[in-house]
Each structure stands twice: as structure tokens, then as C-alpha cells.
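Open the model in your viewer and keep the selection panel at hand. The stops below run from the whole chain down to single residues.

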Amino acid sequence: MSVVLFLTILLLCTILTITPLGSVLKNVNGSTDEDEPDQPVPPPEEPDQPDQVEEISNMTLATGPGGTIPSMSTPGEKTFYMFTSEVEDVNEEKLKIAGDSFDVKTLIANKGDKITLKFYNVDEVQTERHSLTIGDPYKVDIDVGFAENKNATFTANQTGVFTYYCKYHLPVMTGQLLVLP
Ligand SMILES: [Cu+2]
């Protein structure tokens, strides 16, 4: 009888020692179970990642045939594309001003930059001329008729703020060229 009792106690002790281990193991598993709910969170992000890659690849296709995204800033060079623009609903007779403007109203460059201005007359009125003119010291005068476009290139040797304007639509059709030191 005492042997049976001893065996029973031994069995109970074994169960008691194993059970905490089991629960510890369960806790370890439990902690990974807790991590698993986080794992379903990334899957919603995963569909986004292909979209981002797609967008970037589209940008790459749109901007660079070499497959890299160009920085669009060549040291010492700046190219500006400028279009004529029209402010809608300007009653020119009542206000005594034109509704014309440049689409870009501020140009920023560094001293020494080789600046290229590309000016496009996109005015719907066929008789309307526009100019992109800068006085001293740069002496730029691009004059374009209907659907024309022309370029001008100069070096920004002098710092300061310089007004550019259209000879035909003063004083409203103006902008500022800022040349930083
Ligand atoms: Cu003009």
C-alpha cells in the first residue's frame, strides 16, 4: 500500500512540476499569439506598398529614361517653363486693368546660375501678343505672338530682385526674379 501511495505522490509531484512548465510554454506561445494579431496589420500595408512602387515606377517612366529619378537640379543651371495666364472674370473696362498674368510669378536662382527661360503664349485670343521682359542688367526680351514660344538664356551675375514683365499688359502682368548670393 505504501508503495502505491508513494507512486501516487510521485505522479502528483510530476504533474505539478510539469504543469507550471506547460503554462510557461503556453505563455511563450501566448506571447507569440499576441504578436500574431499585429501580423494581420502589415498585410493591409502590403497592398499599399505595391501601389507606392507602382507610383515611383510611373514617376521614373515619366521623368527619366534611364530608370532613375533625376534630382531636377543641375548645379549652376536653372530652366523655367513659363506660360501666359488669364485671370477669369476680370472686367477690363471697369477695372482699367488687364486680366493677363504669368503663371509663374516668382523665379529663384543663385548668383552665377545659367538661367534658361522658356516662354509660351497660350492666350486664346489670336491677336494678343505677350512678352517676357527683364530690364538691366539682364536685358531679356522674349516677344511671342499667338501659339508661339521662344527661349532666352542668360547668366545671373548680379544678385537682387528684378521685375520681369509683359510689355503689353502692364502693370498687372509682372513677376519677380530673385537672385540669391
Ligand atoms: Cu502680356
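Start with everything selected. Of the 181 residues in the protein, 13% are buried (20 or more other C-beta atoms within 10 Å of the residue's own; exposed means 12 or fewer, partly exposed is in between, and C-beta atoms are placed from the backbone). This is a predicted model: local features need pLDDT of at least 70, side-chain atom pairs count only at pLDDT 80 or more, and totals for chains, interfaces and linings use all residues. Residues are numbered from 1 along each chain as its sequence is written.

Now colour by secondary structure. The protein has three helices and nine strands (DSSP runs numbered from the N terminus: helices are H or I with at least four residues, strands are E with at least two). Along the sequence the pattern reads α-α-β-α-β-β-β-β-β-β-β-β. Take contacts between residues at least 6 apart in sequence: 59% of them join residues at least 24 apart. Here a contact means C-beta atoms, placed from the backbone, within 7 Å.

**Stop 1: the four-stranded sheet**

Select β2, β1, β4 and β7. In that order they form an open sheet with mixed pairing (two strands pair if DSSP finds at least two bridges between them). The edges are β2 (100–102) and β7 (149–155), each pairing on one side only. From one strand to the next, the twist averages 20° (axes are lines fitted to C-alpha atoms, and angles run from 0 to 180 degrees between N-to-C directions).

Zoom in on β4, residues 114–120. It pairs with β7 in the antiparallel sense, over seven bridges. Pick Ile115: its bridge partner in β7 is Phe154.

**Stop 2: the five-stranded sheet**

Select β3, β9, β8, β5 and β6. This is an open sheet in the order β3-β9-β8-β5-β6, again with mixed pairing. Neighbouring strands here are turned by 15° against each other on average, direction ignored.

Which way do β8 and β9 run? Strand β8 (residues 160–165) is antiparallel to β9, and six bridges join them. Show Gly160, whose bridge partner in β9 is Val179. Then show Tyr165, which is bridged to Thr174 in β9.

Move across to β3. Five bridges join β3 to β9, and these two run parallel. Asn110 stands opposite Leu180 in β9.

**Stop 3: the core**

Show side chains for Met82, Leu117, Phe119, Leu132 and Leu177. They have the most contacts inside the largest nonpolar core, which has 16 residues (a set of buried Ala, Val, Leu, Ile, Met, Phe, Trp, Tyr and Cys residues joined through C-beta atoms within 7 Å). The largest share, three residues, comes from β4.

Centre on Phe119. Beyond its neighbours within four places in sequence, Phe119 is in contact with Met82, Leu132, Ile142, Val144, Asn149 and Lys150.

**Stop 4: Val140**

Finish in β6, where Val140 has its place. Is Val140 buried or partly exposed? Val140 is partly exposed, because 18 other C-beta atoms lie within 10 Å. Leaving aside neighbours within four places in sequence, Val140 has contacts that include Leu117, Leu132, Ala152 and Phe154. Now turn to Thr153: Val140 and Thr153 are 13 residues apart in sequence and 8.4 Å apart in space, C-alpha to C-alpha.

How values were computed: Contact = placed C-beta atoms within 7 Å.
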